[in-house]
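Please examine the sequence and the structure shown below. The report that follows describes selected residues and elements in turn.

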Amino acid sequence: MTDQPMTDQPTADRPVRVMVVDDHPMWRDAVSRDLAEAGLDVVATAGDGEEAVRRARACTPQVVVLDLNLPSLSGAEVCRQVVAHDPAVRVLVLSASGEHQDVLEAVKSGATGYLVKSAGREELLDAVRRTAVGDAVFTPGLAGLVLGEFRRLAAEPAPASAAPQLTARETEVLRLVAKGLSYRQIADRLVLSHRTVQNHVQNTLGKLQLHNRVELVRYAIEQGLDDEI
């Protein structure tokens, strides 16, 4: 398979476009500065929920680094509105809370990942870069919580529908996504390029009419793919 360029992917000439949303000015400025110094393109910041929604629609970031505790609109509601307006936007929650309810609400609202604010600078930079290419990034210990919730939801009855036709390779990639492997790990396991794996995931998202990797993992678990060898 010939790799095709993916227009929404960052390159050396087109750094990741990031928006930072936090109601504490010092924290917001510090995060923005760290991202900019690392070569990312901070296209906007916001200090409350309504402002965040307006600016996200105006500047179309690739990644929104989002606090949950915001004036005017909650972070979860900001996430819902931003993702509904542009499903290509990926949201990385950066919150002081590690409470299970907050994590699950954020993910159900469309967040791709979740870090607590105790994360170090390098951990945050790595999380933003990975989020930009579609990885689901969580503070250690939270990923298992999310997968467990998806398994619980998958056990609930769902309306019958015609199953989309995935290729054998797409199914293989989907199975490894469900097991929690990153795109790089999948590429190494299947002896493919990183971009080819991304292409397979994008094709699968389109066929399944899903918006992000979190929804893709839930679908894979519903199909039992995470239990296959």
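T112 is in contact (heavy atoms within 4.5 Å) with R90, V91, T131, D135, A136, V137, F138, N212 and V214, leaving aside its neighbours within four places in sequence. This residue lies in the loop between helix 4 (100–108) and strand 5 (113–116). T112 counts as buried because its relative accessibility is 2%, where buried means under 20% relative accessible area, exposed over 50%, and partly exposed in between, with a 1.4 Å probe and protein chains only.

The model is predicted: local features need pLDDT of at least 70, side-chain atom pairs count only at pLDDT 80 or more, and totals for chains, interfaces and linings use all residues. Residues are numbered from 1 along each chain as its sequence is written, and side-chain values use heavy atoms, with hydrogens and water left out.

The chain has ten helices and five strands. Helices (H or I, at least four residues) and strands (E, at least two) are DSSP runs, numbered from the N terminus. Of the 229 residues of the chain, 48% count as buried. Among contacts in the chain with a separation of 6 or more, 67% come from residues 24 or more positions apart.

Strand 5 is covered on both faces: G113 and L115 on one side, and Y114 and V116 on the other, are all buried. Strand 4 (residues 90–95) pairs with strand 5 in the parallel sense over four bridges; two strands pair if DSSP finds at least two bridges between them. L115 of strand 5 is the bridge partner of L94.

G49 is placed in helix 2 (residues 49–59) and counts as buried because its relative accessibility is 0%. Not counting residues up to four places away in sequence, G49 touches L70, P71, S72, L73 and V78. L210 lies in the loop between helix 9 and helix 10. With the same exclusion of residues up to four places away, L210 touches L205, E215, L216 and Y219. The table gives one C-alpha distance for each residue.

| Pair | Separation in sequence | C-alpha distance |
|---|---|---|
| G49 and E77 | 28 residues | 8.0 Å |
| L210 and P87 | 123 residues | 9.1 Å |

Helix 9 (residues 194–208) has 15 residues, which at 1.5 Å a residue should span 21 Å; its end C-alpha atoms are 21 Å apart, so the two values agree. The expected span is 1.5 Å times one less than the number of residues. The buried residues of helix 9 are H194, T196, V197, Q198, N199, H200, V201, T204, L205 and L208. Their cover includes helix 7 (168–178), helix 8 (183–190) and helix 10 (213–222). Just after helix 9, Q209 takes a positive phi of about 55°.

How many cavities of 30 Å³ or more are there? The count comes to one. On a 1 Å grid over the protein atoms alone, a cavity is a set of points where a 1.4 Å probe fits but cannot get out, and lining residues have an atom within 4 Å of a point. Grid points are joined across faces, edges and corners, and a volume is the space filled by probe spheres set on the points. The largest cavity holds about 40 Å³ of space. Its lining consists of V20, V21, D22, W27, V31, V65, L66, D67, L94 and K117. Strand 1 (17–21), helix 1 (25–37) and strand 3 (63–66) are the elements that give two or more residues to this lining.

Notes: On a 1 Å grid over the protein atoms alone, a cavity is a set of points where a 1.4 Å probe fits but cannot get out, and a pocket is an open set with protein on both sides within 12 Å along at least five of seven lines; lining residues have an atom within 4 Å of a point.
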